[in-house]
Amino acid sequence: MKNLLQKRLFYLSILFVLVTNVFIFIHIYNNRADEPTSHTYLSLRELYHSDHKNWENSGISLRILFRSPPYAGATWLDEKKLREIGFSSNELYKSEKRGQNIKKELFIVLEQNANKYQESLQKFHNEVLQAKALYEDKKDRQSKNKYEDAEHSYNNEKTRPSRLFAIDAGQTYEQLRHKYSDTNRYIIVKGIIQVIDENKMTRRGIIRELSRSNIYLPKKLHKDFLQKYNHKQDENEEFIEVKYGTLYEPWISGMRL
């Protein structure tokens, strides 16, 4: 009796694994069955790879890094925008915790290495010019330190942070794709937007996370990726080909060698 029960549990576990894998394969097939909804090339500035060794898993996972609207200061994700993308007055103001836990999965537009990044570069460059002028006028230690700090920040902005910026959000893919038609420059993804209190009278939104922020690298691309990763001659190089399917989920389809 005991052996029979063990056999049944064994076969049930195998059946469970098989059924789970079938559903996974169907999901992947459905996501990739049609033309990609977005298709771009990203660099190591936008896709983070940890050197941490996990001996139980030889796979390589890359995490998408993007710039999100700030918690404070000017933002396009203000109360007007929250209402536009589907947050009601009741959700914004009449919840027990005044909006702190109100979240929605919506579509988010990520712009890769384009206008928003150039604006950021220009901002840091302007700060360098202002700090330089102040130092040339005063010639003191404090103004010199500010000038050096501004130069460091500008040089860092040119080489290190992600150039992928969240610039818009909406309820439907079609609405956003009509507005941002370039499928290479503008990636449309799903993500979680959360309401937070700016003060007692107004609300603002933050992007809590992308619905899919990790992408697994196919085994056949491991060698090429690690060769690039271990010899980082130019982190600005956009060599990783990323596509988003009809379910708005990403996969890595190739690499520029």
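**Reading burial, salt bridges and helices**

Tutor: Glu237 has a relative accessible area of 30% and is therefore partly exposed. This value comes from a predicted model.

Student: Why is Glu237 given that class?

Tutor: A residue is buried under 20% relative accessible area and exposed over 50%, so the values in between are called partly exposed. The 30% of Glu237 falls in that middle class. For the protein as a whole, 37% of its 257 residues count as buried.

Student: Which side chain meets that of Glu237 in a salt bridge?

Tutor: The partner is Lys228, at 2.7 Å from N to O. A side-chain nitrogen of Lys or Arg must lie within 4 Å of a carboxyl oxygen of Asp or Glu, so this pair qualifies. Lys228 itself belongs to helix α7 and is among the buried residues there.

Student: How many salt bridges does the structure hold?

Tutor: There are 13. One of them joins Lys179 and Asp168, whose side chains meet at 3.0 Å, N to O. This pair links distant parts of the chain, since Lys179 lies in helix α6 and Asp168 in strand β5, 11 residues apart.

Student: Are Lys179 and Asp168 buried or exposed?

Tutor: Lys179 has 55% relative accessibility and so counts as exposed, whereas Asp168, at 4%, counts as buried. Both residues also take part in a network of salt bridges with Lys81 and Glu84.

Student: Which residue forms a salt bridge with Arg203?

Tutor: Arg203 pairs with Asp197 at 3.1 Å, N to O. Arg203 is buried, with a relative accessible area of 2%. Asp197 also counts as buried, at 19% relative accessibility.

Student: Let us turn to helices. Which residues of helix α7 are buried?

Tutor: In α7, residues 222-230, they are His222, Phe225, Lys228 and Tyr229. Seen down the helix axis, these buried residues fall within an arc of 135 degrees, so they line one face of α7. Lys223, Gln227 and Asn230 are exposed on the other side.

Student: What do the buried residues of α7 pack against?

Tutor: They pack against four strands: β3 (60-64), β8 (214-217), β9 (240-244) and β10 (250-255).

Student: How far apart are the end C-alpha atoms of helix α4, and what span should its residues give?

Tutor: The 24 residues of α4 (115-138), at 1.5 Å a residue, should span 34 Å, and the end C-alpha atoms are 35 Å apart, which agrees. Just after α4, Lys139 takes a positive phi of about 55 degrees. The buried residues of α4 are Tyr117, Ser120, Leu121, Phe124, Val128 and Ala131. Their packing partners are β4 (103-112), α5 (141-159) and β5 (164-170).

Student: How many helices and strands does the protein have?

Tutor: The protein has 7 helices and 10 strands. Among its contacts with a separation of 6 or more, 73% come from residues 24 or more positions apart.

Conventions. Residues numbered from 1 in each chain as written. Predicted model: local features only at pLDDT ≥ 70, side-chain atom pairs only at ≥ 80, totals over all residues. Heavy atoms only, no water. Helix = DSSP H or I, 4+ residues; strand = E, 2+ residues; numbered from the N terminus. Expected span 1.5 Å × (residues − 1). Buried < 20%, exposed > 50% of the residue type's maximum accessible area, 1.4 Å probe, protein only. Contact = heavy atoms within 4.5 Å. Arc of directions from axis to C-beta.
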